[in-house]
Amino acid sequence: MTPETVAEAPDAPGPSGAPAGTAPDAAEDAALLAPREATRWEKVREDAGVWARRAGSRARIIAEVIQLTGWVVIAAAIILWITAFSLGWQEAFVAAIVATVLALLCIVFLFGRTAYEVDLDLTRTRVVVGERAVGALKLANLTSRSLLPSEIVLPVGSGRGVFQVPRLQAGEEHEELFAIPTTHRGVLAVGPVSVLRGDPLGLFERTHDRRQAVDLFVHPRTLPLEGLSLGQMRDLEGLPDQHLARDDVSFHALREYQPGDDLRHVHWKSTARTGTLMVREYEQTRRSHFVVALSTHPGEYRDPEEFETAISVAGSVGLRALRDSRTLDVRTSAGKIRAETGRRYLDSLSALESTKPRDGGIVALAGILAAHSPDAAVAVLLCGSTVDAGQLRLACSRVPFGVRTLAIIADSRLESPVLRRVGDADVVALGHLDQLPNALRKVLS
């Protein structure tokens with residue numbers, strides 16, 4: 001036997017059938033890997049942690065019920081009781097009793113449930129910033145008893161609306177109409193509708209959710225850009241590819257019929273001449289690839305107004321590309337956003353927020369565009385007014401060669417659009433969205 005064979009040979013089995021010299025090691029490993037029984041102190045500490053978490057959750061629920069006035073009354077009662085027992089003041093003792101009884105009487109109003117059947121109806125779940133979202137809140141008493149007057153709370157984003165519901169008899173309904181003003185782009189959570197129970201003095205307040213929240217998408221303002229199409233500058237009839245297709249616009253060659261081929265593509269003259277069924281084969285083409293790169297770096301915008309203008313420009317240009325049946329690819333500093341349809345694209349823009357500075361700005365975004373969209377036909381770069389000429393030139397230089405590049409700068413200080421050239425790219429600086437159509441017409445002329 002060679003030394004290698006001896007090294008690989010297993011040890012001789014011992015009396016128990018296990019390899020000799022390994023049984024003690026295995027026993028030691030098993031003893032080390034076996035679960036250790038927790039000590040009494042460890043069990044007490046784990047139980048204490050579980051009870052502390054439960055107590056914390058209960059305390060948060062109680063803290064949400066007690067209002068600011070309630071905390072004042074409770075603190076005053078405690079101080080009065082301490083003063084009455086420590087100093088023996090009869091007046092403090094009477095005041096402590098009054099405060100305690102008042103708090104106990106107000107707590108009684110929290111008990112019980114109001115069994116409304118609630119229906120929240122938003123006529124439109126998608127509106128443009130500045131429009132009003134109109135909805136209706138319907139409440140029905142489906143019980144066999146009458147329900148006392150109550151208050152209904154409808155949260156809308158960070159605010160809320162309160163509706164007074166009168167006494168409802170059995171089977172009676174009540175409807176409240178409301179309008180939600182939208183002054184900022186975003187996604188607002190409307191609801192859940194809650195039945196408010198509280199005391200007349202406002203010491204305590206408890207809500208009972210009756211319906212799930214509904215998302216209200218506040219889309220950015222956009223313009224239709226009628227008669228403008230940047231994508232026509234390239235890929236007007238499609239660029240040829242190396243892949244062959246059964247149906248397209250560019251004829252390539254003839255081949256023999258295969259099962260599954262469309263009979264509409266049979267070339268009957270060649271079939272009659274050769275005696276074999278021949279079909280046309282086409283060269284695959286592609287549509288114009290339109291890329292929108294929107295910087296969400298907060299340091300590249302002078303104020304929030306510029307950021308909103310850039311988002312509106314991105315929405316207008318992207319919708320125009322979708323109407324022209326372009327392949328739309330939209331990227332931000334946070335990543336790619338969905339733009340399969342116009343509605344989904346605007347929904348994504350509604351939820352768009354500024355990113356962290358470490359995610360990079362327009363220069364980094366142009367590099368990402370070059371890596372992920374090298375076959376783009378048109379690239380639109382969007383940024384704010386704090387981007388200097390050097391950064392803009394570097395960003396435009398990162399766009400792949402042959403791609404028509406348009407850089408749009410949102411500058412709230414401008415009263416009219418400014419056009420210039422940076423290398424092979426057209427640069428447009430505008431102050432607000434209404435200047436976009438005229439600026440694009442000058443670029444395309």
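This note goes through a few local features of the structure, point by point.

1. The model is predicted, so local features are taken at pLDDT of at least 70 and side-chain atom pairs at pLDDT 80 or more, while totals for chains, interfaces and linings use all residues. Residues are numbered from 1 along each chain as its sequence is written, and side-chain values use heavy atoms, with hydrogens and water left out.

2. Strand 18 (residues 404-410) is mostly covered, with six of its seven residues buried, where buried means under 20% relative accessible area, exposed over 50% and partly exposed in between, with a 1.4 Å probe and protein chains only. Helices (H or I, at least four residues) and strands (E, at least two) are DSSP runs, numbered from the N terminus.

3. Strand 18 runs parallel to strand 17 (residues 378-384), to which seven bridges join it, and also parallel to strand 20 (residues 425-430), with five bridges; two strands pair if DSSP finds at least two bridges between them. Within strand 18, I409 is the bridge partner of C383, and I409 also stands opposite A429 in strand 20.

4. The structure holds 14 salt bridges, each being a side-chain nitrogen of Lys or Arg within 4 Å of a carboxyl oxygen of Asp or Glu. In one of them the side chains of D347 and R126 meet at 2.9 Å, N to O, and this pair links distant parts of the chain, since D347 lies in helix 8 (residues 342-350) and R126 in strand 2 (residues 126-128), 221 residues apart. D347 counts as buried at 12% relative accessibility, whereas R126 is partly exposed at 26%.

5. Which residue forms a salt bridge with R421? The partner is D426, with the closest N and O atoms 2.6 Å apart, and D426 is buried, with a relative accessible area of 13%. Another salt bridge joins R344 and E340 at 3.9 Å, N to O; R344 counts as partly exposed at 37% relative accessibility, and so does E340 at 48%.

6. A nonpolar patch on the surface is formed by F85, F93, V94, I97, V98, V101 and L105, with about 640 Å² of accessible area together. Patches are made of residues with over 30% relative accessible area and no salt bridge, like charges being joined within 9 Å and nonpolar side chains (Val, Leu, Ile, Met, Phe, Trp, Tyr) within 5 Å. Helix 5 (residues 90-108) gives the largest share of the nonpolar patch, six residues; I97 lies in this helix and is partly exposed, at 34% relative accessible area.

Conventions. Areas by Shrake-Rupley, 256 points an atom, 1.4 Å probe, with all protein chains shown as cover.
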